[in-house]
Amino acid sequence: PLSTDLYLASLPGLTGTFAASIETAQLTLSVWIAAFGTMQLVAGPLSDRHGRYPVLAGGLGLYVAASVACALAPSIGLLIAARAFQAVGCCAAVVVARAVIRDVYEPRAGAKALARASTILAIGPIVGPILGSFLEVRFGHRAAFVTLALLALLLLLVVLAKPTETNRHP
């Protein structure tokens with residue numbers, strides 16, 4: 001949720017920063033959603049074939065790199081492209097997380113784990129716009145993407161610290 005909600009306060013500012021129309025600035029969200037949705041068709045089969053760990057680590061790595069690219073983007077076109085790659089990395093992490101739950105838990109316990117995770121994720125749409133507004137006012141739109149990169153880097157380091165494969169039959 002933070003991938004979309006954290007930078008929403010920056011949308012109007014993108015028009016000034018990049019001399020772009022609001023419609024073009026909104027493509028940073030539309031393209032993200034389209035790439036995220038499309039990647040769901042790919043990430044699951046990839047993690048089934050090659051294992052959960054490489055897809056998760058690769059997705060998080062891509063997300064970190066794309067978030068940095070978003071923060072450094074010199075034009076709205078490059079920001080839109082970087083957002084597409086950010087969505088691909090994010091989707092890989094989300095899809096693999098759900099697959100890991102299915103691998104590790106029995107159906108009833110898995111449902112409880114997903115419910116707990118959903119409860120935690122519900123905080124994102126509440127906190128994201130507030131934190132994003134603060135970052136936008138204080139530091140500009142690039143700060144939201146730096147924050148996302150740092151959070152994803154932390155997750156990537158946790159994943160790399162304990163490489164575990166839950167797909168027993170790739």
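These are my notebook entries from a look through this predicted model.

**Entry 1: the overall fold.** I began with the secondary structure and found eight helices and zero strands in the protein chain. Going along the sequence, the pattern reads α-α-α-α-α-α-α-α. The radius of gyration is 17 Å, close to the 15 Å from the globule rule for 170 residues, so the chain is as compact as a globular protein of that length. I also looked up the extent of the C-alpha trace, which spans about 50 × 30 × 30 Å along its principal axes.

Entry 2: Next I checked burial: 40% of the 170 residues count as buried. Among contacts with a separation of 6 or more, 79% join residues 24 or more positions apart. The chain exposes about 9,200 Å², with carbon and sulfur atoms supplying 71% of that area.

**Entry 3: helix α4.** I then turned to α4, which covers residues 52-72. Its 21 residues reach 30 Å from the first C-alpha to the last, close to the 30 Å expected. Its buried residues include L56, L60, Y63 and V64. What do the buried residues of α4 pack against? I found α1 (2-5), α3 (22-50), α5 (76-104) and α8 (141-161).

**Entry 4: a nonpolar patch.** Last, I looked at the surface, where I120, I123, I126, V127, I130, L131, F134 and F139 form a nonpolar patch. Together they have about 820 Å² of accessible area. Helix α7 (residues 124-139) gives the largest share of the patch, six residues. I picked out L131, which is found in α7. L131 counts as partly exposed because its relative accessible area is 35%, between the 20% and 50% cut-offs.

Key. Residues are numbered from 1 along each chain as its sequence is written. This is a predicted model: local features need pLDDT of at least 70, side-chain atom pairs count only at pLDDT 80 or more; totals for chains, interfaces and linings use all residues. Side-chain values use heavy atoms; hydrogens and water are left out. Patches are made of residues with over 30% relative accessible area and no salt bridge: like charges are joined within 9 Å, nonpolar side chains (Val, Leu, Ile, Met, Phe, Trp, Tyr) within 5 Å. Accessible areas come from the Shrake-Rupley method with a 1.4 Å probe; for residues, only the protein chains shown count as cover. A salt bridge is a side-chain nitrogen of Lys or Arg within 4 Å of a carboxyl oxygen of Asp or Glu. Helices (H or I, at least four residues) and strands (E, at least two) are DSSP runs, numbered from the N terminus. Buried means under 20% relative accessible area, exposed over 50%, partly exposed in between (1.4 Å probe, protein chains only). The expected span of a helix is 1.5 Å times one less than its number of residues. Contact means heavy atoms within 4.5 Å. The radius of gyration is taken over C-alpha atoms; the globule rule is 2.2 Å times the number of residues to the power 0.38.
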